Amino acid sequence: MKNTFKINGYTDSHNECDRCGKTNLKGTYNIDTNDGNNFHLGSSCIKKAYQMNGKELTNKINEDEKLRMSAAKKEFLSTKVGSFYKSYIGSEDHRLDCLNGGFKIVAQKIRGVHELNKRLQKKYNVGFINI
């Protein structure tokens, strides 16, 4: 039964475990099960339900976060804004823009990157998407 679920992330906005009913938790993990259900579980209930120890749960959390980040990066780079950003930052054009026009010029050219990053962070429940 191990690892037959996907961890979507941790939230402190849902403080009740859907498995045991415990309330006033500091937060819960949002998970999707292989049968298509979605639950918010405390870490103790995840370990009990999926017969995991603390190290295995930590590894699962990290593994699933890496998968979400990878998907977020892939989507970021598939957009015009993301593709331009990847090719522009660190390029000769970027260096010259910094020298000749300053960061205001750079900010104008990469407008939209921060909005895209924030949207994808929310969609994939990840931190800053570092490209």
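**View 1. The side chain of N30 makes a polar contact with the side chain of H40 at 3.2 Å.** A polar contact here is a pair of N or O atoms within 3.5 Å; within protein, one must be able to donate a hydrogen and the other to accept it, and residues adjacent in sequence count only if both atoms are side-chain atoms. The model is predicted: local features need pLDDT of at least 70, side-chain atom pairs count only at pLDDT 80 or more, and totals for chains, interfaces and linings use all residues. Residues are numbered from 1 along each chain as its sequence is written, and side-chain values use heavy atoms, with hydrogens and water left out. The side chain of N30 also makes a polar contact with the side chain of N8, at 2.5 Å.

**View 2. N30 has its place in strand β2, residues 28-33.** Helices (H or I, at least four residues) and strands (E, at least two) are DSSP runs, numbered from the N terminus. Is N30 buried or exposed? N30 counts as buried because its relative accessibility is 14%; buried means under 20% relative accessible area, exposed over 50%, and partly exposed in between (1.4 Å probe, protein chains only). Leaving aside residues up to four places away in sequence, N30 touches K6, I7, N8, G9, N38, F39 and H40. Contact means heavy atoms within 4.5 Å.

**View 3. S91 caps the N-terminal end of helix α4, residues 92-100.** A side-chain oxygen of S91 lies 3.4 Å from the backbone nitrogen of D93. Just after α4 comes G102, with a positive phi of about 80°.

**View 4. R111 is found in the loop between α5 (103-109) and α6 (113-124).** The relative accessible area of R111 is 63%, so R111 is exposed.

**View 5. The chain as a whole has 6 helices and 3 strands.** Along the sequence the pattern is β-β-β-α-α-α-α-α-α. The C-alpha atoms fill a box of roughly 60 × 25 × 25 Å, taken along the principal axes. Of the 131 residues, 34% count as buried. Among contacts between residues at least 6 apart in sequence, 50% join residues at least 24 apart.
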